[in-house]
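Welcome to this short tour of a structure. Please open the sequence and the 3D view side by side, and let us walk through some local details before stepping back to the whole chain.

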Amino acid sequence: MLQLFRKSFLLSLLLFSFAAMAQQSSGTITGVVTDEEGGPMPFVSITVKNSISKKVYQALSDTAGHFKFSNMPTEGTYSFEFSSTGYVKRSITGYVVKSGVPNSVVVSLAIDQSDLDEVVVVGYGTQKKVNLTGAVNQISGNEIRDRPATNITSMLQGVMPNLNIRVASGTPGQMASLNIRGVTSIDGNSAVSGAPLVLIDGIPGTLDRLSPEEIQSISVLKDASSAAIYGARGAFGVILVTTKNGKSGKMSLRYNNSFGFSTPTVSTDFITTGYDWMKLNDAALAHIGGYSGYTEQDYQELLARRNDKTEDPSRPWVTIQNRNGRDQYVYYGNYDWWDIMFTKWQPMQNHNISLMGGNDKINFMINGNLKSKDGIMRLHTDKYSSKTLRAKFSAQMTPWLKFSNNTNFYNSSYKYYGREGGGSANFIHINVHASPAYAPMNPDGTATYITGLNNYDIGDGIFAMLIDGHTRGQDRKYELTTINEVTISPVKNLNIRGNYSYSLYTDPSYYRQAPAKYSLYPGVIDITPKYSIDQLSEEQQFNQVHVANLYMDYAKTFNKVHNIKALLGYNQELHLAKKITAQRMDLASEDLNDLNLGSGEQKVFGGSSEYALMGLFYRLNYDYKGKYLLELNGRYDGTSKFPKDNRWGFFPSVSAAWRISEEDFFNPIRNVFSDLKIRGSYGSLGNQNVSGYYPYIPTMNPGTMAYMLDGERAKYYNSPAPVSGDLTWETITSYNLGVDAAFLNNRLGISFDTYIRNTEDMLSQGLVLPNVYGSTPPEINIASLRTQGFELSINWRDMISVAGKPFQYHAAFILSDNHTKITKVQNTTRLTYSMYEGKEVGEIWGYITDGFFQTDAEAKTYPVDQTWLNRVRNDNNIPIRAGDLRWIDLDGDGKISAGENTVSDPGDQKVIGNSTPRYQYAFNLGANWNNIDFSVFFQGLGKMNWYPGNNADRFWGPYSRPYFSFIPKDFEKDIYSETNKNAYFPNLLAYVALNANNELRATNNRYLQNLAYLRLKNLTIGYTLPKSLLDRYKIQRLRIFASGENLWTWTKLRTDYIDPEQAMSNNDGRVYPFSKTFSFGLDVSF
Amino acid sequence: MSMKKKHIFLPIIIAGSLLASCSKDFMERYPTASVSPPTFFRSETDLKTYTNLFYSYFPGDAGIYGEAADNIVKSSVAREVSGTRLIPTTDSKWGWGPLRNINFMLNSENVINYKDVEVRNHYIGLARFFRAYFYFEKVRWYGDVPFYNVVIETNDEANLMKPRDPRTLVMDSILADINFAIDHLDDTKSVERVTKWTALALKSRICLYEGTWRKYHTEFSLPDADKLLNECVSASQLLMESGVYKVYDKTTGPTGKPYQDLFCQLTLDPVADEVILGRRYSNDLSLKHNLQFYITARTQGKPGFEKRLVNSYLMDDGTRFTDQPGYDTLQFFEEVQHRDPRLSQTIRTPGYTRIGQTEIISPDFEATMTGYQPIKWMNIPTYDGNGQSVQDLVLFRFGEVLLNYAEAKAELGTLTQADIDKSIKLLRDRVNMPNLDMAAANANPDPYLVNQYKNVSANNKGVILEIRRERRIEMVMESNLRWEDLMRWKEGHLLTDAFQGMYFPDPGFYDLDHNGSNDVEIYTGEKPPSTGPYQIPASDLSGGTKGNIITNKNIAKTFDETKDYLWPLPIEDLNLNPNLDQNPYWK
């Protein structure tokens, strides 16, 4: 019987009613849900609503596809809704229930092809996901909108495979650097992981100047074929951001907000007892008489206060004593400088409002966003805020003519006190000499600065500088972009678009220095020599970008099987930059800030540049029945950065795909194996993003020297740096092979890409000339490198029944990797640290130690001469003894040395690791049940070596500088001693991690770190209030949510005091701390 | 349909106008904030601004006061001092960037054809001054070096692969350059700009260096030592007779002691009597140096005067300290009494107070290896912090010229008492020291100095040694001259002597300046608990429980007479240019 129905009424609903057999006013509905093939469908969510009582009933189908509703009143009619993940929603209306007879419903659901119909934004157009032949990923803005972060780039971390995000620091508003698929080029001895081209609505832009709420989608073009249409700048991938458009229909207003609190991800539990801190540092510097200048008597005083958490009136932390014949303050404190300088929690908030609407002719979208976040400074907190406003409208003026405008305004401000740059600069400078023994303030409220017992500046004088709030600055950014576009459709399937955009960016900033005062002798106030200048500096860039595009596309199907699409276009860009800086000294007021108030020296600096790009591009798509797909892209591109004869380049690409699952032979397995496509692409792109704007023109650049003549820093000109007259494009050739597969009715999706990207004709030193040449030889297009990698993503989406209610969930896993080898370079000396042919980029050379000498005798008789790595010990007559590192004489010459530091003679060094981030992965889980939504997102890194830099204070402590302010609380247990022979560090000695030719400064296997980490990047829980509750307030939707960012981190890095991402962005791991953030908010639509 | 067709033209019009706007010029973009060589050097301002760059080739702060030889002892010993220099892969000493900049200007068509001859010659003179300065350094370090007066192009095989030119040829070019500079530079006095007088002072320094080098380094068989010494005499004489400069002897400075005040004032203007050229620093411009931190901090190498230098200071009656019986076992307080006043104006001696302070302070072993703590150049404590010193520093001064004059004449054997009276005497008068008596000196050469300077053998040996004494004392901590002196006199062996500090007769407590509080504790065995004074183990003393402090004692110092007078050339360049030879015995 069922078979019959299926045959005749596929994709439709059939109802059976039978005559009433009973008198009850209620009945029972039973039914069955099947798929198109007639197989039972479990866990289909069924919602039934009565037309009179408005009552809603819910149920789920069981494993046999059956469902049942009992006691359904006969009054009124019923509407049904059937939904299941991966299937098209079905609904039935006007169903009548009769009592006493079986009321049954039979329905079949069709596979939802929309997943495959998903449209992906590609260069100058869109493409159905199924028809993609290149490597493209896309996410929607909704996926990131709940996350409490002040910038979009950091939210994109781990969202797409091989979209590599490196966040420089936790500074509010800090932009992260973007990279697609790894190393792109070299610059001297360092590898460059170049940034992709970022286009916002088709115009070059900056991601972090957007708010997530206005984003419709972010599409990442990774391989040459997808990016070829952007020729010149698409070589290292393209990120296309599309903002939301107005929709015809009901006008909607949406407001959402969130309030969050951030705190550092790392431990801030430092030594805060003056006695212990001073003992440790004096011991590290014992060989030259210690650090503090404290006498034994002073130490007794410190010891007496060691257990005081707060000041005991009988044991003041600040005393007045006669030293060197004069009364001065002497400090015996237990100050927690971290708490004195920094807040534990930094509040942030985000408000967004958007308005959309329109009719069939005109529509509009307006989105406004306001964000603010407090910085970390306790005294005179630094504050970041940003505002964006986007207004879009589009008008279908005639059936063939459409006009649209898209205007965006962005503004941000970072206001701070202290060192220029604010929080992050203060953070770095407070890292020295802020001993817990030293007070930040004297009892009379004056700041401290030096102790008089040694001549170091307490905390680099930052506190003295902050205390009166006069030294301060503000960085502001303004950007206004407007895009006007005309679309003409003169004939069917032909669209011609022309747009012109203008963007204006300016970033006025000021920094006001005022003399910082302190007191060492009671009652005597002095100006700190370090911060003694009274000066206002103002700086402003004024940048303009003009972009014009003209392109047309045409699509047609022949004989129902041949599908053709063609695109042809023209693009030109002009970038103009100008900068002005002005400084004036000795202002009439410490509070007011205007250059006119200055009476002292005045200085003015300028700077400007411009460059232009032009290109003609095309794309041709052909497919046969959607089975065999072919795409040709190309661009003829020109840039003003190269000399006339080498200015133009043609960059073609080709890609093809075969949808195997469309073949007839695939039919038998389609039940399990829903989709399979293989893709391949090849293309060659140019990179014009080489050093400077006029790399081929010899220029004499003005500058200012660190030499005083005529009462000012002398101005000078340099002789022109040699240039090569025939510079041209770097050529990037990339190969991509990909597979997309889907299983179990698209519940499981797997996508895999592997690629090779060759960067050829890289600018590099072409000639190695003797030093008598007197300059760096000009760079020429000579070097090559090869980056290889892969991307894997696995998605699972399903729905089950939990407590009788549908439980929708999804899980995704992504993994990506890349590594780079230098394949060609002119370098005959092959120094280990240089770019030499065959080098694996990121390799770390180092010495090998097998641990400590166990006895003094062993140290004395060790036959290998280690003086090369024992500089401080030698210089200070400190003999090698038990607890010092023993080095392995790899080259067997009886002494440890760097040899010639070349690959053929590296002395006792070898490759011990690699600093390339490898195996970046992420996984997320999301679920939705009973109006509750939940998502969790983990992100991690498989391997990356890091050798802590010489100023990695949290890592080395006094082994580097014997006066780092913040020494981890438990640091002492890592110091070797007679009773602590298994310690991590050798005998305590200052500077051995700071200066070259010392045991810890020399890169070695023992202290090499692995930055592998796994982070709970985000956890969000939301609850959408039931509609029945909201209807009476005319509210369409109201959701409340709580979200946490960076909640938990597991890492192989040895210390808890450095975040692995801090170490990734800075060799010393000493950047403004990253935050973990807790937030909550609401999202309401009217 | 026809309507539609009509509107097909609209995009074509737009496209056309867009393309039209992208005329050929659109892609032609030239620098907007820098100039190109053909348009430069067309005004005096261009010349002046361009040549400003050359001033940065003068030494910076530590290059002026931070000398490392046998005058100042530090916690670590430079490789050239310990005799452990390695052949480097690359070396900034072997850098040629400044020369390219200088030659670029000298070869510029616009400079060569510059209309105003006087202006042209002035700036060419300035550039040639710096070329002489550049090559003087190169010759000092490397001996023979390739000489270039052109800007080398990448394909200029001949110049790139050139062998080293003989030292004599390079020196002739240096002299030609400096003579041109003397002839054409301004003679208006300036403490911060290079003038004719600066050029003369440089010439005096160069010719003394080269003259004595050729005289003493007989292993190189170089000619014309006397000719060069005569050039030194004539250049010095010109300066001395010009009357433009004199020995600074005002007592109006911060300490009232002219010698000390010459170095410790914030700016050079009050001491412009003597200063021929200096380098300015400024708090307002954030141009600061590290001198006071270097001298007072415990982490900057703890510089201290070496004992033999301290011994070299005469008694204030002009007799020799080292002639006194038991001079080598005197304690600090005693040994610094009645000495050449320059001693107490150069190191901390009892009663020392900082400028602007009244507290008497003792030598601080926390900051000095030997106990003889320098005070030369020191200003008020405000500038003691890391990188916070702002006093101007001296690059050339008249005092050096006087010393050069006397020494060149002495080495020539033409020195007379009258020469001494117009040179050394002026320096002695400033500090109220009796004059140097040439006859007495020659009659009775100081055995202490004879013992040090092994290569002096002339019949006026006595006065040569006294001039060397005078030079060492007068010029300590200035422009690293001591290193240069040892090299040109061929007395490198002096670096290998164990460096010594103060003398202590027993373990126990010492009040160095007799102010009633102990400053040092010498202990034996285990370090006792500190009671305040700086603690020194007796094992650091030369005699076990007594003697002089021996610094850097585990550093074995050697000086290889065959090779250590010159620096090794870097490997990279030897590999790149097979015609380039390494210096002798550097293998």
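Helices and strands here are DSSP runs numbered from the N terminus, with helices being H or I of at least four residues and strands E of at least two. K560(A) is not a glycine, yet its phi is positive, at about 65°. The residue is exposed, with a relative accessible area of 78%. For these labels, buried means under 20% relative accessible area, exposed means over 50%, and partly exposed is in between, with a 1.4 Å probe and protein chains only.

N931(A) also has a positive phi, near 70°, and is a residue other than glycine. You will find N931(A) in the loop between β49 (918–929) and β50 (932–943) of chain A. This residue is partly exposed, with a relative accessible area of 34%.

## How to read the model

This is a predicted model, in which local features need pLDDT of at least 70 and side-chain atom pairs count only at pLDDT 80 or more, while totals for chains, interfaces and linings use all residues. Residues are numbered from 1 along each chain as its sequence is written, chains are lettered from A and ligands numbered from 1 in the order in which they are written, and side-chain values use heavy atoms, leaving out hydrogens and water.

## Aromatic pairs

Over all chains, the structure holds 100 aromatic pairs. One of them is formed by W338(A) and F966(A), edge-to-face, at 5.5 Å centre to centre and with 80° between the planes. This pair links distant parts of the chain, 628 residues apart: W338(A) is in helix α7 (residues 337–341) of chain A, and F966(A) is in the loop between α12 (953–956) and β52 (1009–1010) of chain A. W338(A) is buried, with a relative accessible area of 5%, and F966(A) is buried as well, at 2%. The rings of Y209(B) and W213(B) have centres 6.2 Å apart and planes at 15°, so this pair is stacked. The rule takes rings of Phe, Tyr and Trp (its six-membered ring) with centres within 6.5 Å; planes under 30 degrees apart count as stacked, over 60 as edge-to-face and the rest as tilted.

Where do Y209(B) and W213(B) lie? Both are in helix α10 (residues 196–216) of chain B, four residues apart, about one turn of the helix. An α-helix has 3.6 residues a turn, so residues three or four places apart point the same way. Both Y209(B) and W213(B) are buried.

## Charges over rings

Two tyrosine rings are worth a look. The charged end of K641(A) sits over the ring of Y611(A), 4.6 Å from its centre. The charged end of R100(B) sits over the ring of Y773(A), 4.4 Å from its centre. A charge sits over a ring if NZ of Lys or CZ of Arg is within 6 Å of the ring centre and within 35 degrees of the ring normal.

## Covered elements in both chains

R100(B) is also one of the buried residues of α5(B). Helix α5 (residues 97–106) of chain B is mostly covered, with eight of its ten residues buried. These buried residues pack against α2 (44–55), α6 (109–112) and α7 (117–142) of chain B, where contact means heavy atoms within 4.5 Å.

In chain A, four of the five residues of strand β12 (residues 163–167) are buried, so the strand is largely enclosed by the rest of the structure. Five bridges join β12(A) to strand β13 (residues 176–180) of chain A, and the two run antiparallel; strands pair if DSSP finds at least two bridges between them. R166(A) stands opposite S177(A) in β13(A).

## A buried loop residue in chain B

I375(B) is in the loop between α15 (332–335) and β4 (393–397) of chain B. This residue is buried, with a relative accessible area of 2%. Not counting residues up to four places away in sequence, I375(B) touches several residues, including Q260(B), S344(B) and Y352(B).

## Chain A as a whole

Chain A has 14 helices and 55 strands. Buried residues make up 57% of its 1086 residues. The C-alpha atoms of chain A fill a box of roughly 115 × 75 × 70 Å, taken along the principal axes.
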